[in-house]
Amino acid sequence: MGFDSLCDISPASKHWSINVRVARMWDYCGTRDGQPPIHVDLVLVDDKGTAMYAEIPGTEAKKFKELIQENGVYSLKKFFVAPSKSSYKPFPAKYMIKFTPWTTVTNTEVVPKSFPTHVYNLVPFCDLPSRVGAQDYFTDVLGQIVGVSKLGHVRMSTNSSDTAKRVIALRDDRNTEVKLVLWGQRAVEFDAELVFDNGQNTAVVGVFVGLLMKSYNNDETLSGGSACRWYLNEDIPEIDSCFDRLGDDFAKVQWISTGTEKFAASRNRADLPRKTVAELRELDPWETEATDFLCTVSITSVAPEQPWWFQSCSKCHRSATSYGSEYRCSGGCVSTKAYPKYRLCLVGTDGTGSAEFVFFNRVAQQLVGKTVMSLLRSSGLPREIAAVVCQKYTLAVSVTQKSLSQRNISFQVLDGPSGSELPVVIPELTMPAEDILKKAGPIRMPLRSLKRKEPEGAKTSKNLTKDAVLTSQNIDPDSIPRNASPPVKLASEVIAAGNEVHLHGKSPEVGVEDEADSDAKKRKVPPEATDPTSTVTRLPKKTGLKKGK
């Protein structure tokens, strides 16, 4: 019989029949440790690549968890289609599926190899600040793993037992780094030893899904709880592309702390060409739009008639204008929310000429040392901004977009300035393909087994707060100890990866299994190393790789 496509179903009928893969499945237990799930969440995808969120009520969880396994393909009937819930969705969507006690589940024995297996909605690192505190849907990211920590434990104020914690450092194509903190069972399952061992010989690139963007003491970090999943070095188009760009020039995975130290990228300034201001002003912006430069300047003034902040659209980050209690985006997007952000225009000179340098958002905050919100209470030009005049800095800059349409060229500062005791981290640009020779990729090791791992040792799962600070996020961030979250120093903008839901359609060689499934299910547990220097069995080279071999 024929099945209905997920793109066609709606609340208009109750007699739908669908054939879908369970791409992800997890329990939502709130902050109740060791209690039955309030509901079980699923990400479903059909053979056409349409994805939809589904929810099993807690009263029916035991029944359906015996029938459904993550990565399995099933035909479903007798369910409700309802408007999507307002918060904690896996991705933006109009409708969701609600299981009933009468929902029927039939296993699909023959599944085409083209049936999609992964669902993700990648957000580029430059857009992560706009996701801080957002609860409408989870955040998915792609990044190279450059650091992992040992398993740590913290005591949350709302729980009587310790919560497991693990920190992962991710880096994108332009050397922007962000910290990801895994909590509870997800921290236990992530095999840092195996990642570290394989990360000495090949890049480890992953797609992490089901995350929330948090801010602790003005430091922004990704947070992963029960909804979080990861796909490491898998046959996913974006991972393949990342391996192509890396070639054999990858960063080895390092051991980092679960504490508060900064994990900064080491970068040689000589890698970027140095220019005088006069040379920068002679550039053709159409020819050098994708190139970064270094220049050393002294700040002479704040650009006249240029406001130092603006209302930024929460969705596309363009300027927005107030209309009553809402905002209207200048880019024409549908968002009605906006937030104050820096747009600090400074005039700098090196004796050969002067030019305008624009500092946006976190880059300006690093320069000024204050958040934009804290300075809005000042009348006139804040003294913290005025204090940068006459200071000397070395800046990494690129041509601004507006320079493409005007005679006077201005430059956007890509990362923090050096001088006046402010550190500089020079971001790395991926050069256009026609300007560089394509490098042969490193040997690519599949880390599929890292998606699930049984906890070992004295810390058993019953001693861990399973979903503390997870999807409900009912915990006050201020209740977390100061050393419970590492600072994140985001560099500036990255090449956007797009904000649409991506799907990839190869059936995996090994199924993904969820810890919430029946105890009778067998798990594949990767070998565990007791010391980072000990020898760990190498994973076999993945067969059939088209890229990154």
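Me: Which residue in strand 3 is the bridge partner of Asp41?
Reply: In strand 3, Asp41 has Glu55 as its bridge partner. This is a predicted model, where local features need pLDDT of at least 70, side-chain atom pairs count only at pLDDT 80 or more, and totals for chains, interfaces and linings use all residues. Residues are numbered from 1 along each chain as its sequence is written, and side-chain values use heavy atoms, with hydrogens and water left out.

Me: Thanks! How do strand 2 and strand 3 pair?
Reply: Strand 2 (residues 39-46) pairs with strand 3 in the antiparallel sense, over 7 bridges. Strands are DSSP runs of E with at least two residues, numbered from the N terminus, and two of them pair if DSSP finds at least two bridges between them.

Me: And what is the strand order in the open sheet?
Reply: The open sheet has 7 strands in the order 5-6-3-2-1-4-7, with mixed pairing. Strand 5 (80-83) and strand 7 (104-107) stand at the edges with a single partner strand each, so one side of each is left without a neighbour in the sheet.

Me: New topic: is Tyr53 buried or exposed?
Reply: Tyr53 sits in strand 3 (residues 51-57), and it counts as buried because its relative accessibility is 2%. Buried means under 20% relative accessible area, exposed over 50%, and partly exposed in between (1.4 Å probe, protein chains only).

Me: Which side chains does the Tyr53 side chain make polar contacts with?
Reply: Its partners include the side chains of Glu55 at 2.7 Å and Lys85 at 2.8 Å. A polar contact is a pair of N or O atoms within 3.5 Å; within protein, one must be able to donate a hydrogen and the other to accept it, and residues adjacent in sequence count only if both atoms are side-chain atoms.

Definitions and conventions
Helices (H or I, at least four residues) and strands (E, at least two) are DSSP runs, numbered from the N terminus.
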